[in-house]
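The structure comes below, and the discussion follows it.

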Amino acid sequence: MQTLRDIVPAAQNNINSKFVLLEKGRATLEGQHKTCLALVADETAAVHFQMWGEECDAFEAGDILSLSNGIFSYNRNNNLVLRAGKRGKVHKVGEFTMAFVETPNMSEIRWVPLPSHNTNTNAATYVQDAVLSPHSRIFPPMN
Amino acid sequence: MASKLIQIRSFDAENSLEVSLREAFQHLEPRLRPPFPLTIPTQEEYINLNKAILYGILCEPHLAKIHIKHLHAIITDGYCYFTSLVIEVVNELYGKLFDSVKAQLIWVTHEMVNVLAMGFDGLLVALLRQIIGGDFSDGNLWLCFEMVSIFSSKRDFFVEEDEPRVLTSALYVFLRLLADHCRMRNDAKIEALKRMEIDFCVRMLREKFGLCFQVGRDLVRLLQDLVHVPEFRAIWKDLLLNPSAFQTSCFIDISQLYLSRTSSRYFLLRITPEMENQLRFLLTRVKLGSQMRYQVWFGKKFLGVPERETLKIDIVRFICCAHHPSNDVIQSDIIPRWAVIGWLLKSCQRKVVEANVKLALFYDWLFFNEKVDNIMNIEPAMLLMVHSIPKYVDVTHTLLEFLLILVENYDIERKDLIVKGVSSAFVLLVRKGVVQSLDALICFDMLSPLHKQLFERMFTDMLPSLSKRNIVSLPSK
């Protein structure tokens with residue numbers, strides 16, 4: 001299990017973590033599939049989570065979710081999101097009883113590829129460059 | 001094999017209790033059909049056999065009689081492990097169980113009562129806790145009906161078997177539920193249920209008052225909400241005017257009930273385990289300032305429909321009397337109890353619920369006696385009043401006014417006792433340093449001159465020690 005603060009963008013299904021769903025955005029259609037952006041968080045950080053298909057209706061704010069083999073990368077709209085992807089799975093494991101923070105938000109960080117690293121593979125390694133916003137600009141904190 | 005026990009939605013993770021029961025059943029299924037082997041199982045086999053038989057009873061209604069015979073034949077621990085398993089199922093899974101499984105659960109509960117299984121009282125209490133206040137759904141009313149049926153038919157049995165606690169628990173639950181059910185007039189669906197609940201409670205109060213007395217002062221609080229029901233109006237009159245009608249020699253005046261503190265276990269009876277978990281999490285893990293989302297989730301899940309609002313009364317009693325945080329939590333930045341109560345109070349839609357929430361908050365103040373009462377029960381009201389002064393002075397104002405009106409009117413015949421109770425509460429809260437003095441409360445300008453006068457007149461004896469002297473001796477902040 002990884003904490004959200006430790007996730008780094010990569011083109012791999014390598015994220016296993018547990019978090020609570022704080023807020024769901026409106027579902028939209030992407031081709032024939034429903035998709036829905038949400039804010040999720042654990043004790044260390046928050047991140048935007050993209051739900052796909054039936055996931056959009058299966059989960060509600062307050063649900064505690066467990067993600068296995070998820071991916072943290074840029075979606076078609078060039079937003080940095082966490083999602084289960086085709087190879088990952090997300091399950092509801094509980095409700096309510098999880099502490100969370102809304103800062104930092106890993107999707108609101110600008111990442112840059114580490115230069116000249118990993119030249120023998122195509123995958124770039126990303127490092128944090130700048131904080132774009134301390135918290136989600138799509139789902140601002142509720143106070 | 002899909003679960004026959006609980007409804008699992010496509011994205012739900014497996015539930016470990018369900019898995020352990022189902023696997024035991026799958027593994028032992030061939031051994032669950034007669035003829036049963038005569039060999040004595042090892043401890044491990046015994047545990048798995050208990051699990052398998054429970055799964056069989058709950059999920060194979062047509063074979064339940066065979067399973068229960070099997071259970072009776074193998075039991076060597078007075079059903080202790082078996083009932084503990086059933087209780088786990090109730091506490092963890094009740095809301096997700098299939099309806100047919102719920103029916104089997106009630107059936108096996110009857111069986112456990114009939115054989116006086118060890119822990120059957122805990123099982124009954126666990127089921128009582130699953131009845132949700134302010135919930136008029138068919139499933140909830142069905143559970144009320146099944147439970148009041150058990151208690152009505154087994155009442156004398158429980159008395160003989162010396163199980164008074166389970167009876168007083170049922171009394172507390174049904175009196176509270178009646179407050180909801182009696183508000184629904186001319187509703188055929190609940191008329192029969194209401195009749196059974198009234199009969200059970202009235203018989204308890206009329207015939208076993210000595211037992212009912214053990215509930216303590218909250219018995220009076222609950223009866224008060226039923227005073228418009230003829231049967232309870234008569235009881236209420238006798239309580240006030242004719243205590244000998246209850247034929248309990250040591251009961252001579254209602255003040256004896258006032259002065260007897262209600263045990264915290266009664267408040268847990270009106271909070272489901274799930275609600276309890278969430279409230280305790282909120283009050284031990286969530287920092288002040290970060291509670292908004294949790295409050296929204298809790299509100300949506302448990303208080304979503306207007307009828308559920310009466311639950312707030314039970315929650316306030318639970319927070320005041322059954323959730324006492326440790327010193328570590330009190331000194332930390334975790335959201336304090338008074339803030340959660342403030343949220344519940346501010347969100348009340350109906351005036352009558354708001355008044356009952358305030359009564360729940362102040363109830364232990366009215367009869368406070370340092371020797372039997374706990375300062376933690378009265379602390380939230382005081383802190384809510386004091387901490388609301390800077391931003392929500394209207395809350396402070398209405399609370400203090402409400403308290404004064406209670407002292408004046410709650411029981412005119414026994415006003416001295418109530419003045420003494422409230423004074424003792426104030427004195428102890430200052431003496432123990434919960435607040436430094438009462439100056440902030442009684443000096444603030446929002447209190448109408450009338451109420452200020454009332455306050456001073458009512459508490460002349462205690463005021464000097466709590467106000468003026470402290471101004472001299474304590475440095476102002």
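B:Arg22 is buried in this predicted model, with a relative accessible area of 11%. Its salt-bridge partner is B:Glu18, and the closest N and O atoms of the pair are 2.7 Å apart. B:Glu18 also counts as buried, at 1% relative accessibility. Because B:Arg22 and B:Glu18 are four residues apart in helix H1 (residues 16-28) of chain B, about one helical turn separates them. Elsewhere, B:Arg217, B:Asp218, B:Arg221, B:Arg317, B:Asp364 and B:Asp373 are joined into one network by salt bridges that share partners.

Over all chains, the structure holds 43 salt bridges. Side chains of opposite charge can pair when their charged atoms come close.

| Pair | Distance, N to O |
|---|---|
| B:Arg22 and B:Glu18 | 2.7 Å |
| B:Arg293 and A:Glu23 | 2.8 Å |
| A:Asp129 and A:Arg110 | 2.9 Å |

The pair of A:Asp129 and A:Arg110 belongs to chain A. A:Asp129 is partly exposed, with a relative accessible area of 41%. A:Arg110 is partly exposed too, at 43%.

The pair of A:Glu23 and B:Arg293 crosses between chains, from strand E1 of chain A to helix H16 of chain B. A:Glu23 is partly exposed at 25% relative accessibility, while B:Arg293 is buried at 2%.

How many salt bridges are counted between chain B and chain A? The count is four. There are also eight residue pairs in polar contact between chain B and chain A, with both residues at pLDDT 80 or more. On the side of chain B that touches chain A, helix H15 (273-285) and helix H16 (292-302) of chain B are the elements that give two or more residues. H16(B) gives the most to that side, with eight residues.

In residue terms, 19 residues of chain B are in contact with 29 residues of chain A. The size of an interface is often given as the accessible area lost when the parts come together. Between chain B and chain A the buried area is about 2,000 Å², and carbon and sulfur atoms give 60% of that area. B:Phe11, B:Arg293 and B:Trp297 supply 43% of the area that chain B buries against chain A, more than any other three residues.

The largest nonpolar core has 183 residues. Those with the most contacts inside this core are B:Met147, B:Phe151, B:Phe232, B:Trp365, B:Phe426 and B:Phe459. Helix H8 (residues 164-181) of chain B contributes the largest share of the core, eleven residues. Apart from this core lies another, of 26 residues, among them A:Phe59, A:Leu65, A:Ile109 and A:Trp111. Leaving aside neighbours within four places in sequence, the residues in contact with B:Phe232 include B:Leu175, B:Leu178, B:Ile198 and B:Leu226.

B:Leu268 is found in helix H14 (residues 264-268) of chain B. Beyond four places in sequence, B:Leu268 is in contact with B:Arg129, B:Glu276, B:Arg280 and B:Phe318. B:Leu268 and B:Arg129 are 139 residues apart along the chain, yet their C-alpha atoms are separated by 7.6 Å.

Chain A averages a pLDDT of 93, and 94% of the residues score at least 70.

Definitions and conventions: Residues are numbered from 1 along each chain as its sequence is written. Chains are lettered from A and ligands numbered from 1 in the order in which they are written. Side-chain values use heavy atoms; hydrogens and water are left out. A nonpolar core is a set of buried Ala, Val, Leu, Ile, Met, Phe, Trp, Tyr and Cys residues joined through side-chain atoms within 4.5 Å. Buried means under 20% relative accessible area, exposed over 50%, partly exposed in between (1.4 Å probe, protein chains only). Contact means heavy atoms within 4.5 Å. pLDDT is the predictor's confidence in each residue, from 0 to 100. Buried area is the accessible area (1.4 Å probe) that two parts lose on being put together, summed over both. A salt bridge is a side-chain nitrogen of Lys or Arg within 4 Å of a carboxyl oxygen of Asp or Glu. A polar contact is a pair of N or O atoms within 3.5 Å; within protein, one must be able to donate a hydrogen and the other to accept it, and residues adjacent in sequence count only if both atoms are side-chain atoms.
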